[in-house]
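Please look at the sequence and the structure below before reading on.

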Amino acid sequence: MTRGPDRQAERAPTTQTTTVACLEGVTKVYPMGVTEVRALAGVSVSFEAGSSGAIMGPSGSGKSTMLNLLGCLDRPTSGRYLLEGQDVAELNDNALSEFRLRHLGFVFQSFNLIPQLTVRENIELPLYYLDWDADESAGRAEEMAERVGLADRLGHRPAELSGGEQQRVAVARALAANPSILLADEPTGNLDSVTSRQLMSLLSELNAQGKTVIMVTHEAELAKYAQHRLHMRDGVIDRIDEAAA
Amino acid sequence: MRRIRLLRNIRLGIKTLMLHKLRSFLTMLGVVFGVGSVVAMLAVGEGASKEALEQIRKLGSTNIIITSIKPAEEESSGARSPFSMLMYGLLYDDERRAREAFDTIERTVPVKIVRQEGRLGERTLELRVMGTTANWFDLVRRRLIAGRTLRPRDGERRASAVVLTEYGARRLLATERTIGQSLRVGGAYYEVVGIVQSESGQGGAIQTPDQNIDAYIPIEVARERYGDYVTEVSAGSLLRESVELHQLIIEVDAIENVEPVAAGLERMLKTYHSKSDYRISVPLALLRQAEATKRTFNVVLGSIAGISLLVGGIGIMNIMLASVTERTREIGIRRAIGAKRRQIISQFLIETVVLSTAGGLIGVTIGLLIPWLIARFAGMPTVVTGYSLVLALGVSTSVGIVFGLYPARHAANLDPIEALRHE
């Protein structure tokens, strides 16, 4: 894990694994009427496969922008973002969508399940866009539901589930297409402390099994689960804490 | 694979629409009524024009009918001596000249009309006695009910043979057994040789050459017995008229020759007739006219239908736009997961097309029901043509595509980040 506002990102000497996501001097500027808002002012950071990171910072520090960029929902104004070796900044909307579909899984604060679909259909959603056939995706959905401990809820609608259960469905959905990176935006923001801990242990487990997990949170309690804690301030990475191993 | 996917998308679309059954139904309503009224109106229009065309076709599309008419100026002139004779109308020579002048004329049928009272046993009926030839029955095709029609030999032998119409026969209480009996017409007796179906004559602008009170006899007999003079005694004056032929039906060999021959006949008659005492009617021209009227009618109907479908389409678009706004978050989620723009477009487009096509199907059902009810209870003929159904369904589906495209594109172009934040 390296950092530095203007330096080229470089790999820490201790790292043996491959880099899955790498930001190099990334800036993001939003036009705001006549003025511009610099949400990111030159960020360089890289994540190795199987690592976990927590992005922290006060609101307006640029952590959401960073997550959107990491999640291929947005493109940097300048700089490079290499995801699985591909410079995402050059991709068009279609290719970005394809990247999200194959390499990224999202878990949101407000769960963001589609209310009219059942748990099964929600989990199957990425597979639907991947053109999997019905039998295969049904099998995969059951497997994922099993993984998050909701095998008996497949036929329910999101509204019939508790918050913790809904978030676990969201995790199952994020995992369905077997992406390399799981992005979580305040995943426990709408959960009580007990279910928060359950969700965090689920994410830790997934991380232990080799998924790269990057999470935005402002709770230091949760950030403790991550190996790297990126503290952001005014659009740059202020400092990086490494978890006591 | 693509087909399975499309089916899946359609199923999903239907499922989503079924979540708001009432709203979906109300959204469809515009298209339902649009399509329903198109199909129904076309069926009624088609029925009416088919009836008109049928009537014109009965006149024979290769026929030209020339009728003698009393010239208007003669009738109104008061300075006529009470004993003067009014001579007008078609001449025997006109028939001959026509036949000689045009080799595209296949047959000519002269008709001489005399009003006489017919009597069979106890019953009497005012008849329109038509002195004509055997060819009449070939040119004015009517169904033979009993016996036979006139034959060329009847004319040669000056046979006192008469063919009655079904109506006349019924009025005179003539039956199949009547064939061979004697019918008294004026002062002479005729043998009833046959009974034919007739056109009632009433029913619109088109005057058929036959009427239901006709009695057909050989023209040679009519000429001999009744001559060319008609004397009418009316209050204070004696009206004497001389008409050689009352009607001339000309059959042309081919459809494309009908109009040139009609024009030629017009010129020819103008040369020999100083007064305009004839009228040429060309069923083919009437047919063309009727078809043109029908086309106009269809254009008008089409415009009305177009407007109603437009309104229906706008209704659908309106609801779909509302639906896109309502489901902004869903769109954001789908985009974040990895749905491409065109997949979002197809999702919403399919929903719109499902709506409009379902509306079209319901509309067609209504459109089939209304003509059936009209035919049953109002007695108007209606014809539902296959093409109107295909057209209505095709148009309603296209309405879905056209009016669905904008909301769908709108949905697809939403910024995923913004959409996810939408409450």
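## Where the chains meet

In this predicted model, the contact draws 17 residues from chain A and 15 residues from chain B.

**The side of chain B**

- On the side of chain B that touches chain A, the elements giving two or more residues are α1 (2–18), α11 (328–337), α12 (341–378) and α14 (416–421) of chain B.
- The largest share of this side comes from α11(B), which supplies four residues.
- Sorted by class, the side of chain B that touches chain A holds eight nonpolar residues, along with four charged and three polar ones.

**Domains of chain B**

- The domain assignment of chain B gives domain 1, made of residues 2–55 + 289–421, and domain 2, made of residues 70–276.
- Taken over C-alpha atoms, the centres of domain 1 of chain B and domain 2 of chain B are separated by 57 Å.

**The sheet of chain A**

- In chain A, six strands form an open sheet with mixed pairing, and their order is β6-β7-β8-β3-β9-β10.
- The edge strands of this sheet are β6 (104–107) and β10 (236–242) of chain A, each of which pairs on one side only.
- From one strand to the next, the twist of the sheet averages 20°.
- Strand β6(A) runs parallel to strand β7 (residues 181–185) of chain A, and four bridges join the two; within β7(A), A:L182 is the bridge partner of A:G105.
- Helix α6 (residues 193–208) of chain A lies across β3 (52–56), β7 and β8 (212–216) of chain A, and runs at about 145° to β8(A).

**A pair of helices in chain A**

- Two packed helices are described by the distance between their axes and the angle between them.
- For helix α3 (residues 119–129) and helix α4 (residues 134–147) of chain A, the axes come within 9 Å and cross at roughly 120°, and α3(A) and α4(A) are therefore oblique to each other.
- The crossing in which α3(A) passes α4(A) is right-handed.
- From α3(A), the residues A:V119, A:R120, A:I123, A:E124, A:L127 and A:Y128 meet A:S137, A:R140, A:A141, A:M144 and A:A145 of α4(A).
- By class, this contact of α3(A) with α4(A) has seven nonpolar, three charged and one polar residue.

Notes: Residues are numbered from 1 along each chain as its sequence is written. Chains are lettered from A and ligands numbered from 1 in the order in which they are written. This is a predicted model: local features need pLDDT of at least 70, side-chain atom pairs count only at pLDDT 80 or more; totals for chains, interfaces and linings use all residues. Two strands pair if DSSP finds at least two bridges between them. Axes are lines fitted to C-alpha atoms, for helices over the stretch in contact, and angles run from 0 to 180 degrees between N-to-C directions. Two residues are in contact if their C-beta atoms, placed from the backbone, lie within 7 Å. Ala, Val, Leu, Ile, Met, Phe, Trp, Tyr, Cys and Pro count as nonpolar, Asp, Glu, Lys and Arg as charged, and the others, Gly among them, as polar. Domain bounds come from an automatic or database domain assignment. Angles under 35 degrees count as roughly parallel, over 145 as roughly antiparallel, 65 to 115 as roughly perpendicular and the rest as oblique. A crossing is left-handed if the near helix is turned anticlockwise from the far one by less than a right angle, and right-handed if clockwise.
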